[in-house]
Amino acid sequence: MSRNILFLSKTINSNVRRLCTTPTPVQKAEKLVLIDVNDKTGYGTLSMNRLPVNSLNVELFNALSDAYDEMEKNKSRGVILTSTSPKIFSAGLDINDLYSGDSKSWSELWDASQEAFLKIYDASFPSAAAINGHAIGGGCFFSMICDYRAMVKGYQIGLNEIQVGIALPKVLVMIMGKLLPRRHAEISLTQGTLYSPEQASKINLVDDVVVDKAEAIIKCEAFLNKFRKIPMDAVNTTKRTIRREEIDYIRNNKQKDIDDFVKAVESVEAQNTIKMYYQALKNKK
Ligand SMILES: CCCCC/C=C\CCC/C=C/CC(=O)SCCNC(=O)CCNC(=O)[C@H](O)C(C)(C)COP(=O)(O)OP(=O)(O)OC[C@H]1O[C@@H](n2cnc3c(N)ncnc32)[C@H](O)[C@@H]1OP(=O)(O)O
């Protein structure tokens, strides 16, 4: 069974294409999240496909949410979250949207990010991130809400929002505070530190450091295999107990959380920093 070739199958929604083994090739997938279900294991590989850097915008968040809905509907045994880019898992929130948006568009952006967050963090199956490149800002965060992370050597990972001038949203602080030892969480959040995979593994930000994407996928599959003999209801009840605080916070404070994000982004200081950051990115070459 060839799992590396994209095949035409029914379009699940406007932004998600399921890859399966029906033998009708298509030239190029244009969907924002590609879904490849391994019929043998029942695991779905979801590949973010908003090139060049998988910057997160409303459409990519929605495509991730739709892909998770599809996995739920098909009673998936687990998801591997990765990217089609050869060197970038995700470069975080789309700086263009932060730079040129307004309170309405930032509200819509955060609303979509909350939905995608809940789909992944409260899924009824485990998710493993095969971090095949840089995972920065929101990109790092989306790997953090998976159940496991394997990262390829030679790239960087971290929550650098503070360097972009954005005060850290509450849920990011809550989850970073639980994942990392307290002192590292504090330094990382207030300084926006980016880590090598080796450094990240020392502070629990990633679980395994690997040489390439293929090894990352193998590690993710091995992690998901650990759940095969455990009743998933028991796993999910336990996981929801562990994750209840963050999930309840978003469910019960959705609008406040959106307002907090908009307030953080629209402040004069944040806008000045975002502008400088945007220009530095554009002038890089
Ligand atoms: C309760 C709800 C919770 C849900 C939360 C969800 C998300 C949490 C988000 C919280 C807030 C997050 C804030 C952020 O994420 S801000 C973004 C932080 N990201 C960055 O700082 C990364 C910036 N980019 C880079 O450092 C580099 O581009 C790179 C990723 C290391 C790749 O470097 P390189 O390979 O050299 O490529 P280029 O730099 O030349 O980039 C190619 C191309 O892409 C553009 N680009 C890069 N990053 C972004 C971006 N984040 N947004 C938009 N566009 C980006 C870059 O400008 C180049 O474009 P051009 O070819 O047109 O010049």
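**Entry 1: the proline**

I started with P52, which is exposed because its relative accessible area is 62%; exposed means over 50%, buried under 20%, and partly exposed in between (1.4 Å probe, protein chains only). Before going further I noted that this is a predicted model, where local features need pLDDT of at least 70, side-chain atom pairs count only at pLDDT 80 or more, and totals for chains, interfaces and linings use all residues. I also jotted down that residues are numbered from 1 along each chain as its sequence is written, and that side-chain values use heavy atoms, with hydrogens and water left out.

Where does P52 sit? I found P52 in the loop between β4 (43-48) and α1 (58-73). Helices (H or I, at least four residues) and strands (E, at least two) are DSSP runs, numbered from the N terminus. The peptide bond that joins L51 and P52 is cis, with omega at about 15°. I then checked P52 against S90: they are 38 residues apart along the chain, and their C-alpha atoms are separated by 9.3 Å.

**Entry 2: two positive phi angles**

N54 also turned up in the loop between β4 and α1. Its phi is positive, about 55°, although N54 is not a glycine. Is N54 buried or exposed? N54 counts as buried because its relative accessible area is 0%.

K75 is another residue other than glycine with a positive phi, this one near 50°. I located K75 in the loop between α1 and β5 (78-83). With 70% relative accessibility, K75 counts as exposed.

**Entry 3: the ligand**

Next I went to the ligand. How many residues surround the ligand? I got 32, and the closest are A91, I95, E161, Y277 and K284. A residue gets onto this list if one of its heavy atoms lies within 4 Å of the molecule.

Then I looked for polar contacts, meaning pairs of N or O atoms within 3.5 Å; within protein, one must be able to donate a hydrogen and the other to accept it, and residues adjacent in sequence count only if both atoms are side-chain atoms. A91 uses a backbone N or O atom, 2.7 Å from a nitrogen atom of the ligand. K282 has a side-chain N or O atom 3.1 Å from an oxygen atom of the ligand. For K284, a polar side-chain atom lies 2.6 Å from a ligand oxygen atom. I looked up the area too: alone, the ligand exposes 1,200 Å², and the protein buries 85% of that. Accessible areas come from the Shrake-Rupley method with a 1.4 Å probe; for residues, only the protein chains shown count as cover.

**Entry 4: what makes up the shell**

Which elements give two or more residues to the shell around the ligand? I listed α2 (95-100), α3 (103-121), β8 (134-136), α4 (138-144), α5 (161-164) and α12 (268-282). Of these, α3 gives the most, with four residues. By type, I sorted the shell into 16 nonpolar, nine polar and seven charged residues. Here Ala, Val, Leu, Ile, Met, Phe, Trp, Tyr, Cys and Pro count as nonpolar, Asp, Glu, Lys and Arg as charged, and the others, Gly among them, as polar.

L98 lies in helix α2 and is buried because its relative accessibility is 2%. Its C-alpha atom is 19 Å from that of Q255, 157 residues apart along the chain.

I placed D94 in the loop between β6 (88-90) and α2. D94 is buried too, with a relative accessible area of 4%. From D94 to E266 I noted 172 residues in sequence and 15 Å in space, C-alpha to C-alpha.

At 43% relative accessibility, Q199 is partly exposed.
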